[in-house]
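Q: I'd like to learn how to read a few features off a model. Can we go through them one at a time?

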Amino acid sequence: MEKKTEIWIDTNIIIYTLRTNAQFSVQARQLVKDAAAGDFTLRVSPIMIHECVFVLQGRQFGVNKTEIKDALISLINLKGIDCEEKTVVEEALINFTGKGIDFGDAYLAAHARAVTPAHVITYNVKDFLALGVTVETPEQFRTNASNKENDGEA
C-alpha cells in the first residue's frame, strides 16, 4: 500500500479556510476538501494554531475567543487533517477560552502535563495556577532547589 502524501500547511491556509477572502478562500477550502476525500493528509503544527489565534484575535478579524476555539477545534478534527499534539492543542484552546489566559500559556501548561514534568518556571505565575501544573518564579525554583540540596535530596 502506498503511503499517503503528507503536507504541512501554513497559518494562511487555515485562516483562508476559516474566513472569507475573495482571492484565496476557494483554493484553501478545496485543499481541505481534497484532504478529506483522502487525496493527501494536511499536517498542522501547534505553532500554526498559535499564529491563527493571534491573527484571528487581531484588528483585521477581531474574532472572539469562543469562536476561535470552536473553529480551530473543528478544523483539526476534520478528516484528512492531522494536528500534532491534537489533544494538547484542544486542551489549550479550551483553557484559552475558559480560563481567560493567552493561548501560548495555555499550550505550555497542556504540553508540560502531557510530556511531564508538569513544572513551569515563569514570572506569570497567576495564569498557570489553575492549569494543573507546578509553577514557580525563577527565584522560588532556585530557593526550592537549594533547600533540596541542603536536605540531601539533590
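Q: Leaving aside neighbours within four places in sequence, which residues is T137 in contact with?

A: Contact means heavy atoms within 4.5 Å. By that rule T137 touches I121, T122, Y123 and V125, its neighbours within four places in sequence left aside. This is a predicted model, where local features need pLDDT of at least 70, side-chain atom pairs count only at pLDDT 80 or more, and totals for chains, interfaces and linings use all residues. Residues are numbered from 1 along each chain as its sequence is written, and side-chain values use heavy atoms, with hydrogens and water left out.

Q: Where is T137 found, and is T137 buried or exposed?

A: T137 sits in the loop between β5 (134–136) and α8 (138–150). Helices (H or I, at least four residues) and strands (E, at least two) are DSSP runs, numbered from the N terminus. Buried means under 20% relative accessible area, exposed over 50%, and partly exposed in between (1.4 Å probe, protein chains only). T137 has a relative accessible area of 15%, so T137 is buried.

Q: And K79, buried or exposed?

A: K79 comes out at 62% relative accessible area, so K79 is exposed. K79 lies in the loop between α4 (65–76) and β3 (81–83). Not counting residues up to four places away in sequence, K79 touches A35 and A36.

Q: How do I read the packing of α1 and α4?

A: Two packed helices are described by the angle between their axes and the distance between the axes. Axes are lines fitted to C-alpha atoms, for helices over the stretch in contact, and angles run from 0 to 180 degrees between N-to-C directions. Here α1 (residues 11–18) packs with α4 at an angle of about 110 degrees, the axes being 11 Å apart. That makes α1 roughly perpendicular to α4 (under 35 degrees counts as roughly parallel, over 145 as roughly antiparallel, 65 to 115 as roughly perpendicular and the rest as oblique).

Q: Which residues in α1 and α4 meet?

A: I14, T17 and L18 in α1 meet A71, L72 and L75 in α4.

Q: What about α5: which residues are buried, and what do they pack against?

A: An α-helix has 3.6 residues a turn, so residues three or four places apart point the same way. In α5 the buried residues are V88, V89, E90, A92, L93, N95 and F96. The buried residues of α5 pack against α3 (46–57), α4, β3 and α6 (103–115). Just after α5, G100 takes a positive phi of about 70 degrees.
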